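Q: Please take a close look at one part of the model shown below. A connected account, with the criteria stated, would be appreciated.

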Amino acid sequence: MYTEKVMQHFADPKNVGELKDANAIGEVGNAKCGDIMKIYLKIVDGIIEDISFKTFGCGAAIATSSVATELIKGKNIEDALKLSNKTVVDELGGLPPAKVHCSVLAEQAVKAAIADYYTRQGIDPSLFIKANEHDEHHCCGEGDNCSS
């Protein structure tokens with residue numbers, strides 16, 4: 001059902017916990033499944049110097065949070081905003097269709113944290129982040145079920 005990489009990130013997630021000196025925090029949730037993701041970023045000179053997460057959810061939610069943090073740590077904000085749920089799924093070697101929504105939450109949590117960073121800087125985040133960058137065509141391939 002799950003790839004070995006999903007199981008590794010679930011059993012030994014990277015960057016777990018609250019980042020005390022975070023200057024950006026994003027929290028998202030899925031009311032249908034109950035998953036909640038909170039991403040903490042420490043951004044210095046436009047670079048994500050440190051990142052951590054706290055996730056309440058299933059193994060796939062924890063794995064997608066973990067791999068998302070690994071994918072953007074050390075990147076600049078512009079590159080981090082390019083993170084897509086497809087990238088997260090691909091990095092994990094795939095997810096069952098009913099769990100693709102977890103990767104969408106990871107993408108949204110990163111974008112929410114970056115939006116928070118811009119807001120704290122007195123910058124309108126909508127200049128860099130569209131109000132709703134996620135739609136079913138963006139995240140889901142055939143057979144995927146983002147609404148579950």
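A: At a relative accessibility of 18%, N15 counts as buried, a class that means under 20% relative accessible area, with exposed over 50% and partly exposed in between (1.4 Å probe, protein chains only). The model is predicted, so local features need pLDDT of at least 70 and side-chain atom pairs count only at pLDDT 80 or more, whereas totals for chains, interfaces and linings use all residues. Residues are numbered from 1 along each chain as its sequence is written, and side-chain values use heavy atoms, with hydrogens and water left out.

N15 is located in the loop between α1 (4-11) and β1 (24-29); helices (H or I, at least four residues) and strands (E, at least two) are DSSP runs, numbered from the N terminus. Although N15 is not a glycine, its phi is positive, at about 65°. Most residues other than glycine have a negative phi.

D45 likewise has a positive phi, near 50°, and is a residue other than glycine. D45 is exposed, with a relative accessible area of 75%, and sits in the loop between β2 and β3. These two strands form a hairpin with two residues between them, and D45 is in the turn. Strand β2 (residues 36-44) runs antiparallel to strand β3 (residues 47-56), and nine bridges join them; strands pair if DSSP finds at least two bridges between them. Within this pairing, I39 has F53 in β3 as its bridge partner.

The aromatic side chains come next. Rings of Phe, Tyr and Trp (its six-membered ring) pair if their centres lie within 6.5 Å, and planes under 30 degrees apart count as stacked, over 60 as edge-to-face and the rest as tilted. By this rule there are two aromatic pairs. One of them is tilted, because the rings of Y117 and Y118 have centres 6.0 Å apart and planes at 55°. Y118 also forms a stacked pair with F128, at 4.4 Å centre to centre and 15° between the planes. Since Y118 lies in helix α5 (residues 100-120) and F128 in the loop between α5 and α6 (136-139), this pair ties together parts that are ten residues apart in sequence.

Y117 counts as buried at 12% relative accessibility, and Y118 counts as buried at 6%. F128, by contrast, is partly exposed, with a relative accessible area of 43%. The loop between α5 and α6 also holds I123, which is partly exposed with a relative accessible area of 32%.
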